[in-house]
Amino acid sequence: MDSIRISPQDNVAVALHPLSKGGVHQGATLLEDIQQGHKFALRPIGAGEPIIKYGYPIGRAKCGIAAGAWVHVHNVETGLSEKGEYSYNPAPSALEAKPPRTFQGYLRKDGRAAIRNEVWIIPTVGCVNSVAQKLVRDNQHLVRGSIDGLYTFPHPFGCSQMGEDQEHTRRILCGLIRHPNAGGVLVLGLGCENSGIAVLQDLLGDWDRERVAFLECQAVEDELAEGERLLRALAGRAAEDRRETIGAEELIVGLKCGGSDGLSGITANPLVGRVAGRLTAMGGSALLAEVPELFGAEGVLFRRCASEEAARALPALVEEFKDYFIRHGQVVYENPSPGNKAGGITTLEEKSLGCVQKGGSAPVTGVVRYGEQVCRRGLSVVQTPGNDLVSTTGLAAAGAHLILFTTGRGTPFGAPVPALKIATNSALAGRKGGWIDYDAGGLARGEGWDEHTQALFRLVLDTASGGPTRSERAGFREIAIWKDGVTL
């Protein structure tokens, strides 16, 4: 298979590998070479006429486009505007029940499942990043028994912040402190910061005293010695935990794409959507992030809202994000990125329609605000920007045990929780074996959807049972916190 027409309504097709000028594909004779992931016209398209892909408009023609011509940024413009009008016209999708599956994980005292048993140091403020990093370097001898590792997550915030920025930082830090993948957490503060230990303790409310300890550096003579003492106690307790059989319905999986290309919405994203659907059909949870990358595809999700509450919250979230762009003097369609365009994505509508494929056909059960934790099973939309590190940090703070990250260009970064990198094309998977965990490119060659769905779902369960991702093997993990306002 050389090319694909995704929907019968489409007036463009996508090259599944490079195509040469003069070749006949999908009934059209190519007028120029077409790169992999890029589009060509199936019939003449008039100036101002919608360009249809996935069965939906992805923009409009800037000029007349001949059959067989390359369709991209030179002859297509977005059809998006800053405001949208939404109504609740539900088209509920019922998922077929799936037989239960299990993984080998940890069961925490509060009943939540975990897929890792790590010890984390969470700095409350950037001033103590170096102390946290030295404590990690000097105390690797504490990694024993069932402990999977000792890590910290440096960040530059926690002080000199105001308003929503300050609340973002506090909520994200609390989400990480609560995260079940950490069998022990040392919260490391300075003592004079805005988002200090006492503030975070108030936000946390109750916490497990055996699992969470606090250290204020200004309050002790030797913070390194005291930090080691507290870490020894936390690690001693965590080392006693053991993996046990847990139902897959307890899993929470984050869904994210980055470095998308023209095959993202054809291979990896819909494959992840099938896996998310399978998990939610078992009673598990999936979290779809990147609200700006819903622009132009909102209606696809709006129709799947499972309740009027969700149908009110999701459009409000999208409009709020559009207002965020406008407030900063930016147009809502300032996307795709240069890498996206090189990979064949022309407009934000096209990128968004490919992006929402990760949610599959599951009903949308709720909306999770940035830094808050998911409280409903099924598919939820999490308030995050599209930025990879900020978005994956938000997914982790919301409770994701692991993240399915699709990519057409590749990226080495690591998230606070395991991130399985899924290549949209086999060339990337072959070239970047140290980055990529799964190759979905075979779907573009006609390989079976059921076989790939089963294989990726097995990989999810294997990872939940302790199998390391490529980024974990490399030791890559970091966080980034959403910042919007003033720094004092």
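**Close-up 1. Helix α2 crosses helix α10 in a left-handed sense.** Left-handed means that the near helix is turned anticlockwise from the far one by less than a right angle; clockwise is right-handed. The model is predicted: local features need pLDDT of at least 70, side-chain atom pairs count only at pLDDT 80 or more, and totals for chains, interfaces and linings use all residues. Residues are numbered from 1 along each chain as its sequence is written, and side-chain values use heavy atoms, without hydrogens and water. Helices are DSSP runs of H or I with at least four residues, strands are E runs of at least two, and both are numbered from the N terminus. The axes of α2 and α10 (residues 388-398) come within 8 Å and cross at roughly 55 degrees. That makes the pair oblique. Axes are lines fitted to C-alpha atoms over the stretch in contact, with angles from 0 to 180 degrees between N-to-C directions. Under 35 degrees counts as roughly parallel, over 145 as roughly antiparallel, 65 to 115 as roughly perpendicular, and the rest as oblique.

**Close-up 2. Residues of α2 meet residues of α10.** I172, G175 and L176 in α2 contact T393, G394, A396 and A397 in α10 (heavy atoms within 4.5 Å). This contact has four nonpolar, three polar and no charged residues. Nonpolar covers Ala, Val, Leu, Ile, Met, Phe, Trp, Tyr, Cys and Pro; charged covers Asp, Glu, Lys and Arg; the others, Gly among them, are polar.

**Close-up 3. Helix α2 (residues 163-178) packs with helix α3 (residues 197-204).** Their axes lie 10 Å apart at an angle of about 70 degrees. The two are therefore roughly perpendicular. Here the crossing is right-handed.
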